[in-house]
Amino acid sequence: MRVSKVVGCSIATVLMSTALLAQQPALKQTRDSKPAGNQLLPGQSNAGNQSKTDARDNEQTGGQAALLTTNEALAACLAIDNKEEVELANFAKDKVSNKSVKDFATMLADEHQSCLDAIHQAVPKVARRVTSNGNAESNIPAKAPHVGSAIEMVQLHQEIANHCLEATKQKLSEEKGEKLDKCFVGMQIAKHAAMQSKLTVFQKHATGELKNVIADGLEKTKKHLKVAENL
């Protein structure tokens, strides 16, 4: 069984997500910090300076909406991951032949959809905009001009997920019978092992209800991994 392509996709997604987290402090500092030169003398108005600052910020970031909080960025990435898993499981369950593998794929589709719904509820501002056709949206321009912005990293995460999904579907379409069943299960072992690591890291950075959603997702991921290994 060959699952190297999917392992590569899973590892690439984890590395990309780590890069996304690294962007957050820098983004907030850029937005919140004001240079000393903008300090006002007594009686001086800052209307002109503020207009120039807002214009510069809009030019650099594509507008305030291009900046995501840590929770929003994490939620967007997790929504993308779960949407990808739902689509893959639904694709596979109609192709695999072994009943246990078919049941496993059905369970994955149902439980990852449940995780997706929980993310939507925890962080609706961004997460619900990962639409049914797999596109990531978040009230920002299609391409934010500021290189390295959080939203650009989310869009990159979406592109990686789309590429991995198509590569995985292509691989599964090339196999039949027992070989197909084993290939799908092997892929799920790789994907859920990578997701376990991702959720462990994300949980350290999330806050509020999203932190609880991630904790629940981590337990489900461990369960899915165990089932796949037993299969």
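A disulfide is a pair of cysteine sulfur atoms within 2.5 Å. By this rule the chain has 0 disulfides. The model is predicted: local features need pLDDT of at least 70, side-chain atom pairs count only at pLDDT 80 or more, and totals for chains, interfaces and linings use all residues. Residues are numbered from 1 along each chain as its sequence is written, and side-chain values use heavy atoms, with hydrogens and water left out.

**Overall fold**
- The chain has 8 helices and 0 strands. Both are DSSP runs numbered from the N terminus: helices are H or I with at least four residues, strands are E with at least two.
- In sequence order the pattern is α-α-α-α-α-α-α-α.
- Of the 231 residues in the chain, 45% are buried. Buried means under 20% relative accessible area, exposed over 50%, and partly exposed in between (1.4 Å probe, protein chains only).
- Take the contacts (heavy atoms within 4.5 Å) between residues at least 6 apart in sequence: 76% of them join residues at least 24 apart.

**Cysteines**
- C115 counts as buried, at 12% relative accessibility.
- C183 is buried too, with a relative accessible area of 2%.

**Nonpolar cores**
- A nonpolar core is a set of buried Ala, Val, Leu, Ile, Met, Phe, Trp, Tyr and Cys residues joined through side-chain atoms within 4.5 Å.
- The largest has 22 residues; L78, I119, V154, L199, F202, L210 and I214 touch the most other members.
- Two or more residues each come from α3 (70-93), α4 (99-122), α6 (150-173), α7 (177-205) and α8 (208-230). The largest share, 8 residues, is from α3.
- Beyond its neighbours within four places in sequence, L78 contacts I119, K198, L199, F202 and I214.
- A second, separate core of 17 residues includes V96, V101, L180 and V185.

**Cavities**
- The structure holds 2 cavities of 30 Å³ or more. A cavity is a set of points, on a 1 Å grid over the protein atoms alone, where a 1.4 Å probe fits but cannot get out; lining residues have an atom within 4 Å of a point.
- The second largest cavity has about 140 Å³ of space. A volume is the space filled by probe spheres set on the points, which are joined across faces, edges and corners.
- Its lining has 13 residues, with N82, C115, L199, G217 and T221 nearest the centre.
- α3, α4, α7 and α8 each supply at least two lining residues; α8 gives the most, 6 residues.

Terms used:
1 Å grid on protein atoms, 1.4 Å probe; cavity = no way out; pocket = protein on both sides within 12 Å on 5 of 7 lines; lining within 4 Å.
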